[in-house]
Amino acid sequence: MNTTLLQEATAFIWAESDMLDHNEYQDWLQLWAPDGIYVIPIDPNETDHENTLNYAYDDAQMRQKRVARLTGGEAISSAPVARTVRNVSRLRLLSDDGIKVTVRCAQDLREFRKDRFREHTSDVTYELLREGESFRIQRKVVKLINSTDTLTAVGYIL
């Protein structure tokens, strides 16, 4: 196992998590490869996300629109703004072909909004493209462990 590569990927993923928890959405958008895809599948066992129904299947344009809705003050699910803290753990390097690095991890996200706490736990798989000394996100798949249950409105990015 390449522990240096895993440490570099972990630092990148932790930085992304911190950006999301602090609503640094414009910086977050810059982490993505131009053709990157953000997916939140409904069926946690589905692998053909392109041809099945998902909670989110965002290309660059849809990610920008999602950020605009979250920051524009017009989305009911984002008013008032939720405060979030996410813990990312159990990072595991799944593959490295010299260009693309695949990492899987656990994410436990706690939300506080309107005097209520909510929790969203998921398995997250990142496909990261090497770019200089860092990465760009090619694909991020967030598999919520309760994705087949009724979900509440989420006014932030998982």
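**Labels and cut-offs**

Reader: What makes the pair Arg-136 and Glu-131 a salt bridge?

Author: Their side chains meet with N and O 3.0 Å apart. A salt bridge needs a side-chain nitrogen of Lys or Arg within 4 Å of a carboxyl oxygen of Asp or Glu, so the pair qualifies. Before we go on, this is a predicted model: local features need pLDDT of at least 70 and side-chain atom pairs count only at pLDDT 80 or more, while totals for chains, interfaces and linings use all residues. Residues are numbered from 1 along each chain as its sequence is written, and side-chain values use heavy atoms, with hydrogens and water left out.

Reader: Why is Arg-136 called partly exposed?

Author: Buried means under 20% relative accessible area, exposed means over 50%, and partly exposed is in between (1.4 Å probe, protein chains only). Arg-136 has 23%, so it is partly exposed. Glu-131 has 42%, so it gets that label too.

Reader: How many salt bridges does the structure hold?

Author: There are 10. One of them joins Asp-21 and Arg-86, at 2.9 Å from N to O. That pair links distant parts of the chain, with Asp-21 in helix α1 and Arg-86 in strand β3, 65 residues apart. Helices (H or I, at least four residues) and strands (E, at least two) are DSSP runs, numbered from the N terminus.

Reader: Are Asp-21 and Arg-86 buried or exposed?

Author: Both are buried. Arg-130 and Asp-96 form another salt bridge, with the closest N and O atoms 2.8 Å apart. This pair also links distant parts of the chain: Arg-130 is in strand β5 and Asp-96 in strand β3, 34 residues apart.

Reader: What makes Arg-130 partly exposed?

Author: Its relative accessibility is 36%, so it falls in the in-between class. Asp-96, at 35%, counts as partly exposed as well.

Reader: Let's turn to α1. Why is Thr-10 called buried?

Author: Thr-10 has a relative accessible area of 10%, so it is under the cut-off for buried. Thr-10 is found in helix α1.

Reader: What makes the approach of Thr-10 to Leu-6 a polar contact?

Author: A polar atom of the Thr-10 side chain lies 2.7 Å from the backbone oxygen of Leu-6. A polar contact is a pair of N or O atoms within 3.5 Å; within protein, one must be able to donate a hydrogen and the other to accept it, and residues adjacent in sequence count only if both atoms are side-chain atoms.

Reader: Where does Trp-14 lie, and which residues does it contact?

Author: Trp-14 lies in helix α1, residues 3–21. Leaving aside neighbours within four places in sequence, it is in contact (heavy atoms within 4.5 Å) with Val-88 and Leu-91. A polar atom of the Trp-14 side chain is also 3.4 Å from the backbone oxygen of Val-88.

Reader: What makes a set of residues a nonpolar core?

Author: It is a set of buried Ala, Val, Leu, Ile, Met, Phe, Trp, Tyr and Cys residues joined through side-chain atoms within 4.5 Å. The largest one here has 35 residues, and Trp-28, Tyr-38, Ile-157 and Leu-158 have the most contacts inside it. α1 gives the most to this core, with 7 residues.

Reader: How do you know that α3 has about the expected span?

Author: The expected span of a helix is 1.5 Å times one less than its number of residues. α3 has 12 residues and reaches 17 Å from its first C-alpha to its last, close to the 16 Å expected.

Reader: Which residues of α3 are buried?

Author: They are Arg-63, Arg-66, Val-67 and Leu-70. They cover an arc of only 95° around the axis, so they sit on the same side of α3; the arc is that of the directions from the helix axis to the C-beta atoms. Their cover includes α2, β1 and β2.

Reader: Is His-49 buried or exposed, and why?

Author: His-49 is at 6%, so it is buried. It is in the loop between β1 and β2, and its contacts beyond four places in sequence include Tyr-57 and Arg-139.

Reader: And why is Leu-53 called exposed?

Author: Leu-53 has 68%, which is over 50%, so it is exposed. Leu-53 also lies in the loop between β1 and β2.
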